[in-house]
Amino acid sequence: VTGQLIRAATDEHVWAETYDKDLADIFAIQSELAQRIAASLHTALSPQVKKLIERRPTENLAAYDCYVQAREILRKYNSDRKSAETLLQKAVRLDPNFVLAWGDLCYVHASTYNAYVDHTDARIAKCREAMEKIIVLVPDWPGRLRAVGDYYYFCLRDFPRAKEQWQRLVALQPNNCEALGGLGLVAGVQGRWIDALAYFRTVQRLDSGYFQMVDQIPGMLEAGRRYSEAVEERRRSVSPQRNELPRSFSLALLSFRARGSTREVDEFL
């Protein structure tokens, strides 16, 4: 593994080092490299951060593989929550103490309820069960704040309490895209379009591949009547190589909302 530090503003090469390790324990390697790189950069790690780095997510690599696959699904636009749920359920069966998988499972249950795919009390109970499991397993894990926020936002529609949880998480982890995106969602439903747009722009800057959140940007621009920018963002996000009918239709619909033109919708249909 070669670690490099580049000063993005000037493209200046600041530091690099190569590490040769036996790939026997990927989690131990991750922890060791993180600490050695921090030491090379003369960065002092707080005891809390050091503890988080050394914490192993799971001892079961099959469970970890399921978790990574589910994470990739959940990052996509209009993600297949059912497939992600199946993978995460398998992960927690393989390792009932796998808190990261429980965290994403909490989100899947909450967002499934919110999207009216399964708008039942039973789905809320599953979300609450996953959330409580996290709190019992690792009470000091910052990710518990995301899970509690998901529960309040998607299941209870309690936006102030969801906002409080996500703000606490951002205070601990300023680059946490899930929490920043959650704050953007809260701002959006409260009609604070400019604030919402700022949050989603930050997510886009930090992780442009996180389509679930980045895709909120055109909607926020449209809500603020900034149609030309919304069209530009939507056009950038629609891939002609993929069959993305909902996104393509939303692009055509933007022309109608902006100018009253029906030509683009007619052509799409």
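**Entry 1: ground rules.** Is Trp166 buried or exposed? Before the answer, I noted the conventions. The model is predicted, so I kept in mind that local features need pLDDT of at least 70 and side-chain atom pairs pLDDT 80 or more, while totals for chains, interfaces and linings use all residues. Residues are numbered from 1 along each chain as its sequence is written, and side-chain values use heavy atoms, with hydrogens and water left out.

**Entry 2: Trp166.** I looked up its accessibility. Trp166 is buried, at a relative accessible area of 1%. Buried means under 20% relative accessible area, exposed over 50%, and partly exposed in between (1.4 Å probe, protein chains only).

**Entry 3: aromatic pairs.** I searched the whole structure and got nine aromatic pairs. Tyr153 and Phe154 form an edge-to-face pair, because their ring centres are 4.8 Å apart and their planes stand at 80°. The criterion covers rings of Phe, Tyr and Trp (its six-membered ring) with centres within 6.5 Å; planes under 30 degrees apart are stacked, over 60 edge-to-face, the rest tilted. Tyr153 is buried at 5% relative accessibility. Phe154 is buried too, at 8%.

I then checked Tyr153 against Trp166. Their centres are 5.7 Å apart and their planes are at 45°, so this pair is tilted. It links distant parts of the chain: Tyr153 sits in helix α7 (residues 143-155) and Trp166 in helix α8 (residues 159-172), 13 residues apart. Helices here are DSSP runs (H or I, at least four residues), strands likewise (E, at least two), numbered from the N terminus.

Which residues do ring pairs join into a cluster? I listed Tyr107, Tyr153, Phe154, Phe159 and Trp166. I also found Arg157 over the face of Tyr153, 5.7 Å from the ring centre. The test wants NZ of Lys or CZ of Arg within 6 Å of the ring centre and within 35 degrees of the ring normal.

**Entry 4: helix α12.** How many of the eight residues of α12 are buried? I read six, so I logged helix α12 (residues 216-223) as mostly covered. The buried ones are Ile217, Pro218, Met220, Leu221, Glu222 and Ala223. Their cover includes α9 (177-189), α10 (193-206), α11 (211-214), α13 (227-237) and α14 (245-259). Contact here means heavy atoms within 4.5 Å. Just after α12, Arg225 takes a positive phi of about 65°.

**Entry 5: Val14.** I placed Val14 in strand β2 (residues 12-18). Val14 is partly exposed, with a relative accessible area of 37%.
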